[in-house]
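I opened the notebook on this structure today.

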Amino acid sequence: RSGPGVQREDDGSIYRGMFLGNQKHGQGRLVLPNGDDYQGEFQDDTFQGEGTLRYISGDVYSGHWMQGVPCGHGRLTHADGSAYVGRWLCGQRNGHGTFTTEQSTYEGER
C-alpha cells in the first residue's frame, strides 16, 4: 500500500499517515500502546527526520530523529519544566547544549 492510511497493530498502537511500499513513510502520527504519541516524519517504518514525541510521563522531545532515536539538534522538555536544547547522538545528549532548570542554566559541552 502507498499513500494515506490508518494502521492498527495487535499491540494497540495506531498509525495515521503516509505509507510507501507498505511501510510508514512521510508525515504521520503514531500513538503507542503505553500512550506515548509521536507526530512527524517516518522512513522505512521508523521515526526519521523532524518530529515530536510526547511521552506519557509529560516529557516532550522535539527535533531530529535518525533510525528511531534523537540524533542531531533537538529539545527535550521534562514534565517539571527543565529542558535541554542542543545536539543528540544515538539518543544521548552529545556536544554543545543548554540545560535549564527553574533555578539555573548550564551551557557547554556534554
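I count two strands as paired if DSSP finds at least two bridges between them. The model is predicted, and I read it as such.

Entry on the sheet. I looked up the strand order. I found an open sheet of ten strands, ordered β1-β2-β3-β4-β5-β6-β7-β8-β9-β10, with antiparallel pairing. At the edges I noted β1 (3–8) and β10 (105–109), each pairing on one side only. I got an average twist of 15° from one strand to the next.

Entry on β3 and β4. How many bridges join strand β3 to strand β4? I found six, between residues 23–31 and residues 37–43, and the two strands run antiparallel. I also looked up Gly26: its bridge partner in β4 is Phe42.

Entry on Lys24. I placed Lys24 in strand β3. Is Lys24 buried or exposed? Its relative accessible area is 10%, so I logged Lys24 as buried, the cut-off being under 20%. Leaving aside neighbours within four places in sequence, I listed the contacts of Lys24: Gln7, Glu9, Tyr15, Met18, Phe19, Leu30, Phe42, Gln43, Asp44 and Asp45. Phe42, the bridge partner of Gly26, is among the contacts of Lys24.

Entry on Gly72. I found Gly72 in strand β7, residues 69–77. Gly72 is buried, because its relative accessible area is 10%. Which residues does Gly72 contact, beyond neighbours within four places in sequence? I noted His64, Gly86, Arg87 and Trp88. I then checked the spacing of Gly72 and Gly86: 14 residues apart in sequence, 8.1 Å apart in space, C-alpha to C-alpha.

Definitions and conventions: Residues are numbered from 1 along each chain as its sequence is written. This is a predicted model: local features need pLDDT of at least 70, side-chain atom pairs count only at pLDDT 80 or more; totals for chains, interfaces and linings use all residues. Side-chain values use heavy atoms; hydrogens and water are left out. Helices (H or I, at least four residues) and strands (E, at least two) are DSSP runs, numbered from the N terminus. Buried means under 20% relative accessible area, exposed over 50%, partly exposed in between (1.4 Å probe, protein chains only). Contact means heavy atoms within 4.5 Å. Axes are lines fitted to C-alpha atoms, for helices over the stretch in contact, and angles run from 0 to 180 degrees between N-to-C directions.
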